[in-house]
Amino acid sequence: MPKDNTLTQDQISSMKEAFTLFDTDNDGRVPPSELGILMRSLGGNPTQSQLKSIIADESLTSPFDFPKFMDLMSKYLKPEPFDKQLRDAFRVLDKEGTGFVVVGDLRHVLTSIGERLEPEEFDEWIREVEVGSDGRIRYEDFIARMAVRKFQDVFSACMEEESNVVPAFPIYLLIDLRVTSTHVS
């Protein structure tokens with residue numbers, strides 16, 4: 001389960017913020033019992049079994065400090081793939097399991113809940129997929145478009161920073177979408 005990741009400044013900043021929230025007595029340490037909640041707050045989804053393994057493998061018998069937390073996250077944090085999060089969200093809206101969602105419902109959710117899209121951004125994304133005469137879209141098409149857009153945004157940001165490093169997650173995402181779409185179509 002361990003993996004070796006290099007953390008970005010944004011990830012470190014998010015981790016520091018989360019760590020500070022869980023450091024309730026301000027001693028710079030968080031108990032191992034909070035590790036699962038911390039990981040989930042940062043997009044991870046460890047099982048109880050995985051948490052027990054991490055705690056045992058890392059000999060976490062007492063509260064840990066922020067440098068140890070960053071070390072743990074660089075090894076073990078594995079956020080759910082972007083497309084899986086979207087599919088799960090769409091399935092909530094797709095009560096009949098048809099693979100389609102009403103654009104109005106989708107607009108409401110994506111512009112008002114969680115990490116919100118601006119209404120104009122939603123409108124731009126919706127224009128890029130086929131909307132049926134009944135006002136519904138096939139959500140796999142929308143997910144594919146969002147994933148491509150996310151990849152383009154990350155790639156563009158890397159190019160603007162003149163970075164030689166392009167994060168690997170979008171590549172996995174696109175591979176996953178390619179495999180998924182061949183099974184769905």
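Predicted model: local features only at pLDDT ≥ 70, side-chain atom pairs only at ≥ 80, totals over all residues.
**Entry 1: two helices crossing**

I began with a pair of helices, and found that helix 1 passes helix 4 in a right-handed crossing. To describe two packed helices, I need the angle between their axes and the distance between the axes. Here the axes of helix 1 and helix 4 (residues 66-76) come within 11 Å, and they cross at roughly 125°.

Which residues meet where helix 1 and helix 4 touch? From helix 1 I listed I12, M15, K16 and F19, and from helix 4 F66, F69, M70 and M73.

**Entry 2: K16 and a ring**

K16 made me look again. Its charged end sits over the ring of F66, 4.6 Å from the ring's centre.

**Entry 3: aromatic rings**

How many aromatic pairs does a search of the whole structure find? It finds six. I looked up the pair F19 and F64: the ring centres are 6.3 Å apart and the planes stand at 50°, so I call this pair tilted. F19 belongs to helix 1 (residues 9-22) and F64 to strand 2 (residues 64-65), so the pair ties together parts that are 45 residues apart in sequence.

Then I checked F64 against F69. Why does this pair count as stacked? The planes are at 20°, which is under the 30 degrees needed, and the centres are 6.2 Å apart, so the pair is stacked.

I also noted that F19, F64, F66 and F69 form one aromatic cluster.

**Entry 4: buried or exposed?**

I looked up how much of three of these rings' residues can be reached. Buried means under 20% relative accessible area. F19 comes out at 2%, so I wrote it down as buried. F64 is buried too, with 3%. F69 has a relative accessible area of 0%, so F69 goes on the buried list as well.

**Entry 5: the whole protein**

Finally I zoomed out. The protein has 185 residues, and 31% of them count as buried. I counted up nine helices and four strands. Starting at the N terminus, the elements run α-β-α-α-β-α-α-β-α-α-β-α-α.

Conventions
Residues numbered from 1 in each chain as written. Heavy atoms only, no water. Phe/Tyr/Trp six-rings, centres within 6.5 Å; stacked < 30°, edge-to-face > 60°. Buried < 20%, exposed > 50% of the residue type's maximum accessible area, 1.4 Å probe, protein only. Lys NZ or Arg CZ within 6 Å of the ring centre and 35° of its normal. Axes fitted to C-alpha atoms, helices over the stretch in contact; angles between N-to-C directions. Left-handed = near helix turned anticlockwise from the far one by under 90°. Contact = heavy atoms within 4.5 Å.
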